[in-house]
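This briefing goes with a protein model. Please look over the sequence and the structure before reading the points below.

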Amino acid sequence: MDNIEYINIKNKNEEKKLCCVDPEKVDKIKKQMLADEVVYDVADFFKVFGDSTRLKILFALKEGELCVGDLSEVLNMNQSAVSHQLRLLRKHNLVKFRRSGKTVFYTLDDKHVETLLEQGFEHLLHKNVY
């Protein structure tokens with residue numbers, strides 16, 4: 001607490017006093033801050049989770065390998081719409097695929113994706129009752 005400084009900030013003809021600035025903590029965090037490029041990439045990555053259809057696809061794939069036809073039936077959507085979402089998920093390395101003849105099967109890319117889903121739902125559900 002000895003290192004706390006008080007600084008004045010001018011904002012649109014108004015002066016405000018900002019308190020609780022610890023220069024040591026600020027410097028330490030600034031040195032550890034991620035590069036802007038990394039932050040932008042992570043933000044884009046999490047935007048993929050902002051679509052309910054993509055979340056449903058990922059949730060369905062937690063159960064195992066599925067083809068587009070299976071996913072279309074589970075989600076009650078046409079195959080073209082499901083394929084479009086799968087392309088986005090592949091682009092962001094959230095799902096992977098394998099071909100067997102003319103059929104393409106999809107799975108979650110790795111355990112990290114499953115963990116992200118589980119943590120997201122767990123976080124939401126521990127405070128909300130559905």
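The points below cover the overall fold, the surface and two asparagines in loops. The model is predicted: local features need pLDDT of at least 70, side-chain atom pairs count only at pLDDT 80 or more, and totals for chains, interfaces and linings use all residues. Residues are numbered from 1 along each chain as its sequence is written, and side-chain values use heavy atoms, with hydrogens and water left out.

**Fold**
- The protein has six helices and five strands; helices (H or I, at least four residues) and strands (E, at least two) are DSSP runs, numbered from the N terminus.
- Along the sequence, these elements come in the pattern β-β-α-α-α-β-α-α-β-β-α.
- Of the contacts between residues at least 6 apart in sequence, 41% join residues at least 24 apart, where contact means heavy atoms within 4.5 Å.

**Surface**
- The accessible surface is about 10300 Å², and 52% of that surface belongs to carbon and sulfur atoms.
- Accessible areas come from the Shrake-Rupley method with a 1.4 Å probe; for residues, only the protein chains shown count as cover.
- The protein has 130 residues, of which 21% count as buried.
- Buried means under 20% relative accessible area, exposed over 50%, and partly exposed in between (1.4 Å probe, protein chains only).

**Positive phi in loops**
- N76 is not a glycine, yet its phi is positive, near 55°.
- N76 sits in the loop between α4 (68–75) and α5 (79–91), and N76 is exposed, with a relative accessible area of 73%.
- N93, also not a glycine, has a positive phi of about 60°.
- N93 lies in the loop between α5 and β4 (95–100), and N93 counts as exposed at 53% relative accessibility.
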